[in-house]
Amino acid sequence: RYVKHLTTVQALVRRRSVARKVPFFNTRPEITAAFLRRNAIYHELRRTERQYLHDLEGMINNYLMPFRKISNTQEDIKDVIFIFSNIETLLELHRKIASELEGYQSRFPFLSTMGDLFMKHALALKNYGEYAENLVNATSRLRSIIENKKPKFYGILEFTRRTISIRNQTRCSDSTHWKVRGLSSESAM
């Protein structure tokens with residue numbers, strides 16, 4: 001409750017600050033509405049980016065690292081490469097984007113240059129092409145591991161699934177946060 005109150009106070013202070021920086025802010029409703037829309041979009045983008053970073057880090061820490069540790073044959077190594085593709089590259093990219101998004105907070109209310117952030121990272125964002133091209137192969141490889149209960153990897157998947165299930169039971173918030181969509185061991189059986 002305290003955080004919600006603090007956020008409300010911060011929003012009021014920012015709005016007052018905008019009104020001082022932009023004299024016509026309160027006199028022209030269309031400008032006020034545009035600023036408020038842009039602000040809402042910016043905050044949603046920051047929140048979503050933070051959540052995505054958290055999910056990528058969870059995927060790497062809970063799945064990729066344990067899979068790597070037990071991979072000691074060529075087939076195991078190929079499985080890891082197929083399943084995780086370039087996820088670590090994407091994590092680094094999104095860490096940079098999130099950091100730069102946080103920096104935009106100091107420029108408020110003048111967020112019109114946010115598009116430049118994505119243009120700056122346009123080349124790196126092309127990494128999603130490789131990720132998307134590999135998604136079908138990764139999904140099919142992972143389903144095969146689940147269906148065949150490949151001992152090494154299946155054990156990690158089951159352990160992580162149980163751990164996540166326990167977390168979800170003790171933390172009654174958004175349970176979809178911890179699930180790997182469409183790839184749980186129940187969906188393959």
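Start by selecting Y131: this residue is partly exposed, with a relative accessible area of 28%. Keep in mind as you look around that you are viewing a predicted model.

Y128 and Y131 sit three residues apart in helix 7 (residues 127-148), which is about one turn of the helix. Show their side chains and turn the view until you can see both rings. How are the rings of Y128 and Y131 arranged? Their planes are at 80° and their centres 6.1 Å apart, so this pair is edge-to-face.

Next, zoom out and show the whole chain as a cartoon. How many helices and how many strands can you find? There are nine helices and zero strands, so if you trace the chain along its sequence you will read α-α-α-α-α-α-α-α-α. Of the 189 residues, 32% count as buried. Contacts are worth a thought here as well: among those with a separation of 6 or more, 70% are between residues 24 or more positions apart.

F67 belongs to helix 2 (residues 29-70) and F153 to helix 8 (residues 151-170), so the pair ties together parts that are 86 residues apart in sequence. In total, the structure holds three aromatic pairs.

For another kind of ring neighbour, select F82 and R141. R141 lies over the face of F82, at 4.1 Å from the ring centre.

Your last stop is R50, which you will find in helix 2. R50 counts as partly exposed, at 42% relative accessibility. Which residue does the side chain of R50 touch through a polar contact? Select E102 to see: the two side chains make that contact at 3.2 Å. Then pick H94 and draw a line between its C-alpha and that of R50. The distance is 8.8 Å, although R50 and H94 are 44 residues apart in sequence.

Definitions and conventions
Residues numbered from 1 in each chain as written. Heavy atoms only, no water. Helix = DSSP H or I, 4+ residues; strand = E, 2+ residues; numbered from the N terminus. Buried < 20%, exposed > 50% of the residue type's maximum accessible area, 1.4 Å probe, protein only. Contact = heavy atoms within 4.5 Å. Phe/Tyr/Trp six-rings, centres within 6.5 Å; stacked < 30°, edge-to-face > 60°. Lys NZ or Arg CZ within 6 Å of the ring centre and 35° of its normal. Polar contact = N/O pair within 3.5 Å; in protein donor to acceptor, adjacent residues only side chain to side chain.
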